[in-house]
Amino acid sequence: MAQDGRGTLDADVKAGALPLDVLTMQETARRVLLERLDVGELKVAAITMRGHIELLVADLQELIRNSHPEDREAAIARIGVGEAQRRLTTPPGPGVDAHRRHARKLAMSVVSLCGHYDTLSHPAA
C-alpha cells in the first residue's frame with residue numbers, strides 16, 4: 001500500500017477506494033478460530049485481524065452513512081462496528097491463553113463485519 005510521508009494511507013487506498021477481499025479475510029479469520037496457533041502465529045494473527053477490522057470498519061462506516069436512516073441492516077452493522085472497535089481497544093490479558101482468546105475475539109469480529117459488509121454492499125432487491 002502506498003503511504004504518504006507521515007505513514008498514513010494515500011487517498012487512493014482509503015475507505016471504499018479499493019474493493020475489500022472479504023473472502024480472504026473470512027478464511028484468515030476462520031483459521032484463527034479453528035487452528036491451535038503457536039505463540040508467534042498468535043501475534044501475527046492478532047495483527048492481521050486488527051488490520052482487517054480497520055479496513056472493514058472504514059468501509060462499513062461509509063456504507064452505514066449512505067444508508068436510509070431506518071435501514072435495519074445498517075443499524076445492526078453499526079452495533080457490530082462498535083463491538084469490533086471495543087475489541088481493538090481492549091488489550092489481551094497475560095499469558096498465551098489470554099492472547100489466544102483475544103485473537104479469536106478479533107477473528108469473530110472479522111467474520112461478523114464481513115457479513116455486514118456483504119449485506120450492506122449487496123442489498124437484496
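Student: With which residue does Glu27 form a salt bridge?
Tutor: This is a predicted model, in which local features need pLDDT of at least 70, side-chain atom pairs count only at pLDDT 80 or more, and totals for chains, interfaces and linings use all residues. Residues are numbered from 1 along each chain as its sequence is written, and side-chain values use heavy atoms, with hydrogens and water left out. A salt bridge is a side-chain nitrogen of Lys or Arg within 4 Å of a carboxyl oxygen of Asp or Glu. The closest N and O atoms of the pair are 3.3 Å apart, and the partner of Glu27 is Arg30.

Student: How many residues apart are Arg87 and Glu83 in helix 3?
Tutor: The side chains of Arg87 and Glu83 meet in a salt bridge, at 3.2 Å from N to O. A helix is a DSSP run of H or I with at least four residues, numbered from the N terminus. Arg87 and Glu83 are separated by about one helical turn because their spacing in helix 3 is four residues.

Student: Are helix 3 and helix 4 roughly parallel or roughly antiparallel to each other?
Tutor: The axes, lines fitted to C-alpha atoms over the stretch in contact, come within 10 Å for helix 3 (residues 72-89) and helix 4 (residues 96-121). They cross at roughly 155 degrees, on a scale from 0 to 180 degrees between N-to-C directions. Angles under 35 degrees count as roughly parallel and over 145 as roughly antiparallel. Helix 3 and helix 4 are therefore roughly antiparallel.

Methods: Helices (H or I, at least four residues) and strands (E, at least two) are DSSP runs, numbered from the N terminus. Angles under 35 degrees count as roughly parallel, over 145 as roughly antiparallel, 65 to 115 as roughly perpendicular and the rest as oblique.
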